[in-house]
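Open the model in your viewer and keep the selection tool at hand. The tour below goes from stop to stop.

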Amino acid sequence: QLFIKDLHFDGIPIRIYLPREPSASKRRGVVFIHGGCGIFGSIRSYERICRYIARKSDSVVVSVGYHLAPEHKYPAQTLECLTATVHFLKTAETYGVDPARIIVCGDSVGGTFTASVCQLLGHRTDIPKIRAQVLIYPFLQALNFNLPSHQKNAAVAFLTRERTVHFILKYLNRDCSLKEPILAGAHVPESIYLKYRKWINPDLIPDVFKWGYKPPPLALFSPQVHEEVQELFEPWFSPLLAEDAVICGLPDTCIVTCEHDVLRDDGLLYKKRLEDNNIRVTWHHVEKGFH
């Protein structure tokens, strides 16, 4: 049912999935950005899901094979996803795709890269606008690892709270001894905590998701830890920290959250931010879902 080709978009490896059936009009396009904490995963490991999306939605799917950290340093991954997306937007008609009907989609850190790409392209006028973004249980902030979903799902299989920060440090090629102070919040100075409290705050999570939640005591700030992990405060790493001027330029959005996922509240907080900026959001919550 599909033609599948391995190509390079401006030097970035991609795999493109084109439905064989002729189409009377130009098709929709999907840029798919895989998960894996920026250190695992590949085009090949997401082959089945990309084939499925292409077949079921009769769309042309571009799977981005960004190079992995730590060999390729942050923010190489975001930049490569951006480059591949821009290339596809500019050349869509070559592949029988309507450039006005391209979405960007990703899971986990692929959702982070998707959010960043859409933020970076939101106000560009030299290329077609992205039609929509799909964020599947995305990682969106590294300020607070003590939200209700972090507490509730701290020891849930595969992506535990501890492992989340462990993978962040691996991705940034930092010493894993920083894990405990970051989990406690010692990396966040009071000025930053107060600045972003309006966006990253347990009070913004609907009560139905806060059953049994106990706010932890504020950690003692450590300038040394803060100095080591400056990247955590960049919107490229934590898209929830982008200013409203950036958020209001985003396309229609679909956010998928799972109940048994430490990152659930990242999705809920981003949903609120987008809605507060009049971005149209479709939200799917998988009650028995895992990361």
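A charge sits over a ring if NZ of Lys or CZ of Arg is within 6 Å of the ring centre and within 35 degrees of the ring normal. This is a predicted model, where local features need pLDDT of at least 70, side-chain atom pairs count only at pLDDT 80 or more, and totals for chains, interfaces and linings use all residues. Residues are numbered from 1 along each chain as its sequence is written, and side-chain values use heavy atoms, with hydrogens and water left out.

Select Trp199. The charged end of Lys198 sits over its ring, 4.6 Å from the centre.

Next, the aromatic pairs. Rings of Phe, Tyr and Trp (its six-membered ring) pair if their centres lie within 6.5 Å; planes under 30 degrees apart are stacked, over 60 edge-to-face, the rest tilted. The count comes to twelve aromatic pairs. Show Tyr66 and Phe113: this pair is edge-to-face, 5.2 Å centre to centre, with 80 degrees between the planes. Both Tyr66 and Phe113 are buried (under 20% relative accessible area, with exposed over 50% and partly exposed in between; 1.4 Å probe, protein chains only).

Tyr196 and Trp199 are buried.

Then select Tyr74, Phe139, Tyr171 and Phe237, which form one aromatic cluster.

Last stop: Asn277. Is Asn277 buried or exposed? Asn277 is buried, because its relative accessible area is 15%.
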